[in-house]
Protein chains: 2
Amino acid sequence: MKDNSIIIPPQPRAELGQLLLYLADDVLDCVNDALEQCNISESKLNLLLILASTSTSSTPFKPSVIAKRLGIRRSSVTKQLIELEKHHFIIRTINEEDQRMVNVSITSEGCQLLNQAMPLYWQTCTDFSNNLTYEEALQLLVLLKKIKRVND
Amino acid sequence: MKDNSIIIPPQPRAELGQLLLYLADDVLDCVNDALEQCNISESKLNLLLILASTSTSSTPFKPSVIAKRLGIRRSSVTKQLIELEKHHFIIRTINEEDQRMVNVSITSEGCQLLNQAMPLYWQTCTDFSNNLTYEEALQLLVLLKKIKRVND
DNA sequence: GCCCTTAATTAGCCTAGCTAATTATTAGTA
DNA sequence: TACTAATAATTAGCTAGGCTAATTAAGGGC
């Protein structure tokens with residue numbers, strides 16, 4: 001490395017990506033900090049959110065489906081479920097039709113937690129764009145939605 | 001929770017924040033996956049990048065300064081430095097003027113690694129905006145820079 | 001009834017953070 | 001000058017949240 005040109009972004013798209021990367025840590029930290037007062041992490045909240053959306057679909061969630069939704073391994077889901085069950089936020093019951101499977105559902109305590117946590121969650125999400133006008137925020141939303149599509 | 005209205009974004013700014021949060025995991029994973037072939041993590045690369053920028057400033061970096069720059073604790077930096085030193089990417093020497101302090105500098109092996117890793121890093125960063133036109137990417141860059149300023 | 005597949009779990013590992021306690025050195029002061 | 005404070009880095013030990021590989025249990029096909 002004769003000069004340090006390799007460490008500066010070679011073009012705007014590269015700079016953009018790096019900025020996204022830096023922002024990534026920040027937003028995760030922000031949300032986790034905000035949720036600390038509810039004693040829940042962003043990753044556990046995400047799992048509960050999936051379960052809470054069950055009211056629309058009729059069938060309860062299986063660990064394997066949750067894993068797919070979260071983009072993590074089944075064993076990681078099991079770990080999280082064990083913790084969440086310890087705190088009575090969810091219950092696991094054996095599926096009667098196929099006893100290899102497990103039905104996971106959110107409890108009323110879990111719903112209570114969501115009622116507590118979600119306002120904080122949304123407020124923190126909202127505050128990220130405090131430096132932007134409403135129009136800018138809308139613009140940004142559109143652009144980020146386009147980016148998101150890459151990873152599907 | 002009578003309905004599940006609490007789990008859907010109450011307004012566009014909230015949705016925007018949530019999208020940033022989801023994107024956060026994705027971009028971190030992408031970069032780490034890309035860097036895997038160099039056997040380096042995004043977090044260790046970040047540390048090396050700080051050291052590599054030393055050529056501009058005259059004084060070598062101290063662990064405490066690195067910690068501040070990365071926004072993590074000194075003990076966490078020590079851990080990373082131990083690993084990086086094991087692989088000969090950096091060296092630590094005692095500061096002669098004040099022997100409580102340590103000078104951290106990147107080695108030629110460390111520079112070699114950067115030469116290998118940075119093209120992959122920049123390519124991955126660049127690819128995040130593949131779905132965007134050049135003009136959209138520039139727009140997005142401006143907006144994200146505004147957001148970034150919140151956390152300073 | 002036996003074998004293969006599938007679902008979940010378990011065991012054990014890794015990374016990268018954290019706090020609290022320790023060590024070594026410097027600086028200030030009675 | 002010797003003692004005490006403060007400062008820098010490190011160490012020890014913990015946690016969260018991932019991972020793979022191995023295990024257990026149940027179902028399905030022949």
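This is a predicted model: local features need pLDDT of at least 70, side-chain atom pairs count only at pLDDT 80 or more; totals for chains, interfaces and linings use all residues.

User: In what order do the elements of chain A run from the N terminus on?

Analyst: Residues are numbered from 1 along each chain as its sequence is written, while chains are lettered from A and ligands numbered from 1 in the order in which they are written. Helices (H or I, at least four residues) and strands (E, at least two) are DSSP runs, numbered from the N terminus. In chain A the order is α-α-α-α-β-β-α-α, that is, six helices and two strands.

User: How do I read the radius of gyration of chain A against that of a compact globule?

Analyst: The radius is taken over C-alpha atoms, and the globule rule is 2.2 Å times the number of residues to the power 0.38. For 152 residues a compact globule would come out near 15 Å, but chain A has 20 Å. Along the principal axes, the C-alpha atoms of chain A fill a box of roughly 65 × 35 × 25 Å.

User: What share of the residues of chain A count as buried?

Analyst: A residue is buried if 20 or more other C-beta atoms lie within 10 Å of its own, exposed if 12 or fewer, and partly exposed in between, with C-beta atoms placed from the backbone. By that count, 33% of the 152 residues of chain A are buried. A:Tyr22, in helix α1 (residues 12-35) of chain A, has 14 C-beta neighbours inside 10 Å and so counts as partly exposed. A:Ser108, in helix α5 (residues 108-127) of chain A, has 10 such neighbours and therefore counts as exposed.

User: Which residues have the most contacts inside the largest nonpolar core?

Analyst: A nonpolar core is a set of buried Ala, Val, Leu, Ile, Met, Phe, Trp, Tyr and Cys residues joined through C-beta atoms within 7 Å. The largest one has 79 residues, and the most contacts inside it belong to A:Leu20, A:Val27, A:Leu48, B:Leu20, B:Val27 and B:Leu48. A contact between two residues likewise means C-beta atoms, placed from the backbone, within 7 Å. Leaving aside neighbours within four places in sequence, A:Leu48 is in contact with A:Phe89, A:Ile106, A:Gly110, A:Leu113 and A:Leu114.

User: How many residues of chain B are in contact with chain A?

Analyst: There are 55 residues of chain B in contact with 55 residues of chain A. On the chain B side, α1 (12-35), α2 (42-52), α5 (108-127) and α6 (134-148) each supply at least two residues, and α1(B) provides the largest share, 17 residues. For classes, Ala, Val, Leu, Ile, Met, Phe, Trp, Tyr, Cys and Pro count as nonpolar, Asp, Glu, Lys and Arg as charged, and the others, Gly among them, as polar. That side of chain B has 34 nonpolar, 13 polar and eight charged residues.

User: What rotation superposes chain B on chain A?

Analyst: Copies are superposed by least squares on the C-alpha atoms of residues with pLDDT of at least 70 in both. Here a rotation of 180° with 0.0 Å of shift along its axis does it, with an RMSD of 0.0 Å. That is the relation of a two-fold axis. B:Ala24 comes closest to the axis among the residues of chain B, at 2.1 Å (C-alpha). Since 100% of the interface residues of chain B are also interface residues in chain A, the copies meet through the same surface.

User: Which residues are closest to DNA strand C?

Analyst: A residue is near a strand if its C-beta atom, placed from the backbone, lies within 6 Å of it. DNA strand C is surrounded by 24 residues, the closest being A:Lys62, A:Ser64, A:Ser75, B:Ser41 and B:Arg73. α4(A) gives the most to this surface, five residues. By class, the surface has six nonpolar, nine polar and nine charged residues.

User: And which are closest to DNA strand D?

Analyst: Around DNA strand D there are 24 residues, with A:Ser41, A:Arg73, A:Gln99, B:Ser64 and B:Ser75 the closest. Here the largest share, five residues, comes from α4(B).
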